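Here is a walk through one protein model, taken strand by strand and then out to a pocket. Keep the viewer open and follow along.

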Amino acid sequence: MTTTIRHRLLPKQYDFVQSKSREVLYSGAYAAGKTRALCYRLVSRAQVPGSREGLCRKHLVTLRASTLRTLLEPDGSAPPVLPPNTYSHNKSDRTIKIRGGGEIVYFGLDDPQKIGSYNLTGCAIDEAVELSADDWQMLIGRIRLDVGVPNSLYAVCNPGAPSHWLAERFGLALGHQAKDGCEVIHTKTTDNSFLPKDYIESLTTLGGVAYRRFVMGEWCASDGLVYDRWDRMIHLTEQDDVGNYIVGIDVGYRNPTALLLVGRDRDDRIHVEREWYKTQQLEADIVAKCLDWSKRFSPEVFVVDPSAAGFIETLRSNGLNVAAANNKVFEGIQSVQGRLQVQQDGPSITVDPRCFNLMREFESYEWLSGHSGLTDKPRKENDHAMDALRYAIVHLDGAGVGVTLEVFDSTSERELADIEYYFDDGDDD
C-alpha cells in the first residue's frame with residue numbers, strides 16, 4: 001500500500017524543486033521559504049530507489065538546529081516535510097532511509113575530510129553563503145552516483161555581497177554571467193503569500209543594505225559598512241564552554257531585545273557563544289531569560305544599556321550582578337574593530353554560527369551618510385546585537401567603569417502549486 005503526502009508550494013519553490021540544472025541556487029530574502037524549498041527538492045529526489053542524497057551546511061550544529069528540524073519536525077502550523085512513519089532515522093550514522101526509496105545522509109563541512117569518501121546522487125546545501133568555493137568544488141566531486149535521478153548540487157541562501165564567489169558563479173552581480181549548468185531562482189520576502197501582514201510590517205525595522213538584501217533579495221554592497229573586517233570565513237566557528245562569561249544586553253520592545261553570551265579564554269580571545277534576539281518582549285520575559293542564563297552559564301556580570309535604568313534595578317533586585325555599559329559609541333566601535341583584526345595566531349573574536357542575527361547585523365550595520373560623505377556615526381538601524389556586543393567588548397577590554405519601508409502586496413500572480421510524495425509503507429495488502 002502507498003501513502004500519499006501533499007504539500008502546497010509557492011511558485012518559486014515549485015520552480016526550484018522541478019529544476020533540471022546540474023547546479024541550482026534558490027537566492028531568497030527573509031521568510032521566502034528557502035529551507036522548506038530545499039527540503040522539498042531533497043525529499044523528491046531521495047524517494048528514488050537507490051538514491052543517496054546529501055544534506056549539509058557549513059556547521060553540523062546549525063544544520064541540526066535549523067534544516068533538520070524543518071525536514072523532520074512541525075514548524076508552528078506547518079507540518080514536517082518528511083512525515084513520521086515514512087522513514088527510519090539512524091542518528092549515530094546521520095542517515096535517513098526513505099521507505100520504498102533511497103536515503104539521505106547529513107553532515108557539516110567544518111571537517112571536510114570526513115566526507116571525502118561519499119558517493120552521492122546529489123546534495124542539498126543550506127545557507128550556501130557560509131561555504132568557500134573549495135567547499136563547493138569538493139561537493140561537486142562527491143556527486144557521481146548514477147541511479148536514474150539527474151546528479152545535482154542545489155542550495156539556498158540569503159544574498160551576500162556582490163563580490164562573493166557565489167555571485168560570480170551564478171551571475172548575480174557585477175555583470176557576471178552564470179557558469180554553464182548553473183541556474184538561480186531569485187525571491188523576495190513578499191513572494192511568500194503565506195506571510196501575515198504584521199510580519200511584513202515588522203520589516204520596517206530594516207533599512208539600507210539590510211532591506212535590499214534581506215527583503216528585496218538583492219546581492220548588493222555597502223560603501224559604508226562599519227565592520228568591514230568582519231568575514232564569516234574567518235570569524236565564524238563553533239566553540240562551546242569557553243567560560244569566563246559575561247552577557248551584553250540591548251533592551252527593546254518594538255525593536256528587538258538582544259542578549260549575547262560572551263566568553264573569554266586564557267589567551268584573551270573572545271567568543272560569542274549564544275544569542276537571544278526577540279521583539280515585543282515584556283520586562284518579565286527578559287528578566288526570566290537572564291535568570292535562565294545565570295543558572296546555566298554563571299556569567300560574571302550582565303552589561304546593560306545604561307539608558308535602561310529601571311531594567312538594571314530590576315535585574316539587581318533579582319540577585320544578578322549588573323553593570324551599566326559604557327555607551328560611547330565611536331570608541332566602542334573602535335574596540336570591536338580591534339578585536340576583528342586578524343593576528344598571527346588568528347582573530348581575537350569569533351562568533352558561533354547559531355548567532356544568526358549577530359552575523360546579519362555585522363553585514364548590514366552602516367555608517368551614516370552626510371553631505372560630504374560618510375560620517376563617524378552609525379545608522380540607528382540593524383544595531384541591536386551590535387550594541388550588545390559593543391557593551392560586552394568594551395567592558396571586557398577594561399573601558400567599561402527606523403526607516404519607513406514600502407510594504408508590498410503579498411499576493412502572487414501565479415497560483416500555488418501542489419507536490420505529492422509517495423511512500424511505500426511496507427504493507428502488501
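Which residues point one way from strand 10, and which the other way? I246, G248 and D250 go one way and V247 and I249 the other, and all are buried. Buried here is under 20% relative accessible area, exposed is over 50%, and partly exposed is in between, with a 1.4 Å probe and protein chains only. Since five of the five residues of strand 10 are buried, the strand is largely enclosed by the rest of the structure.

Before going on, some ground rules. This is a predicted model, where local features need pLDDT of at least 70 and side-chain atom pairs count only at pLDDT 80 or more, while totals for chains, interfaces and linings use all residues. Residues are numbered from 1 along each chain as its sequence is written, and side-chain values use heavy atoms, with hydrogens and water left out. As for the element names, helices (H or I, at least four residues) and strands (E, at least two) are DSSP runs numbered from the N terminus.

Back to strand 10 and its partners. Strands of a sheet pair through backbone hydrogen bonds, either parallel or antiparallel; two strands count as paired here if DSSP finds at least two bridges between them. With strand 11, strand 10 pairs in the antiparallel sense over five bridges, and G248 sits opposite L260 in strand 11. These two strands make a hairpin with six residues between them. Strand 10 also runs parallel to strand 13, joined by three bridges, and there V247 stands opposite F302.

Six strands form an open sheet with mixed pairing, in the order 14-13-10-11-12-17. Strand 14 (322–324) and strand 17 (349–351) stand at the edges with a single partner strand each, so one side of each has no neighbour in the sheet. From one strand to the next, the twist averages 25 degrees. At the strand 14 end, strand 13 (residues 302–304) pairs with strand 14 in the parallel sense over three bridges, and A324 is the bridge partner of V304. Helix 13 (residues 384–396) packs on this sheet, touching strands 10, 11, 12, 13, 14 and 17. Its direction makes about 140 degrees with that of strand 10; axes are lines fitted to C-alpha atoms, for helices over the stretch in contact, and angles run from 0 to 180 degrees between N-to-C directions.

Most residues other than glycine have a negative phi. Q280 has a positive phi near 55 degrees, and so does N382, also near 55 degrees. Are they buried or exposed? Q280, in the loop between strand 12 and helix 9 (283–297), is exposed with a relative accessible area of 54%. N382, in the loop between strand 19 (373–378) and helix 13, is buried at 2%.

Next stop, strand 3 (residues 52–57). Five of its six residues are buried, so the strand is largely enclosed by the rest of the structure. Strand 3 pairs in the parallel sense with strand 6 (residues 103–108) over six bridges, with L55 opposite Y106. Strand 3 also pairs with strand 7 (residues 122–125), again parallel, over four bridges, and E53 faces G122 there. Helix 4 (residues 133–140) has D135, W136, M138, L139 and I140 buried, and what covers them includes strand 3, strand 6, strand 7 and helix 5 (165–169).

A32 lies in the loop between strand 2 and helix 2 (34–46) and is buried, at 2% relative accessibility. Leaving aside neighbours within four places in sequence, A32 is in contact (heavy atoms within 4.5 Å) with L10, Y26, T187, K188 and N192. A32 and V215 are 183 residues apart in sequence, with their C-alpha atoms 9.0 Å apart in space.

Last, the second largest pocket, with a volume of about 510 Å³. A pocket is an open set of points on a 1 Å grid over the protein atoms alone where a 1.4 Å probe fits, with protein on both sides within 12 Å along at least five of seven lines; lining residues have an atom within 4 Å of a point. Grid points are joined across faces, edges and corners, and the volume is the space filled by probe spheres set on them. Of the 24 lining residues, A161, H164, R213, W230 and E363 are the closest to the centre. Helix 12 (356–362) gives the most to the lining, with three residues.
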